[in-house]
Amino acid sequence: IQRSVAKRTDFLGDFEPMNEKLAKRMIQICNAELVALFLIPLSATLMARGVGYSNDIPWQAEAGVSALIFAGLSFKYIKEAVTFEDGPFVKEPESLVSNDS
């Protein structure tokens, strides 16, 4: 958001562009959201049809496994978000930039 505001308000064009590390993180987040959008309806369909259901396993054990997975993944992603450091932007040398247009 801050980059977007800087880009719109800075008429001189010297705002700091996004570096590779942040761009890769943003791509990971977008891919995770797309996978979730696909998996939620798929898992709902499978659950509605009873795929993988077993009376032998108590529901408390299943809920416990789900809670552990959710807590572990939440901790992992929150830790990544809090400790993420956007390094300095390194501009490519003019000799490496091809201008074949």
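This is a predicted model: local features need pLDDT of at least 70, side-chain atom pairs count only at pLDDT 80 or more; totals for chains, interfaces and linings use all residues.
Residues are numbered from 1 along each chain as its sequence is written, and side-chain values use heavy atoms, without hydrogens and water. Local features need pLDDT of at least 70 and side-chain atom pairs count only at pLDDT 80 or more, whereas totals for chains, interfaces and linings use all residues.

The protein contains three helices and zero strands, in the order α-α-α along the sequence; helices (H or I, at least four residues) and strands (E, at least two) are DSSP runs numbered from the N terminus. Of the 101 residues, 3% are buried (under 20% relative accessible area; exposed, over 50%; partly exposed, in between; 1.4 Å probe, protein chains only).

Two salt bridges were found in the whole structure (a side-chain nitrogen of Lys or Arg within 4 Å of a carboxyl oxygen of Asp or Glu). E80 pairs with R25 at 2.9 Å, N to O. Because E80 lies in helix 3 (residues 59-83) and R25 in helix 2, this pair ties together parts 55 residues apart in sequence. R25 is buried at 16% relative accessible area, and E80 is partly exposed at 27%. E80 also meets K76 at 3.0 Å, N to O; K76 and E80 are four residues apart in helix 3, about one turn. Shared partners join R25, K76 and E80 into one network.

V35, F38, L39, L42, L46 and V51 form a nonpolar surface patch of about 540 Å². Patch residues have over 30% relative accessible area and no salt bridge, with like charges joined within 9 Å and nonpolar side chains (Val, Leu, Ile, Met, Phe, Trp, Tyr) within 5 Å. L46 lies in helix 2 (residues 20-48) and is partly exposed at 37% relative accessibility.

Key. Accessible areas come from the Shrake-Rupley method with a 1.4 Å probe; for residues, only the protein chains shown count as cover.
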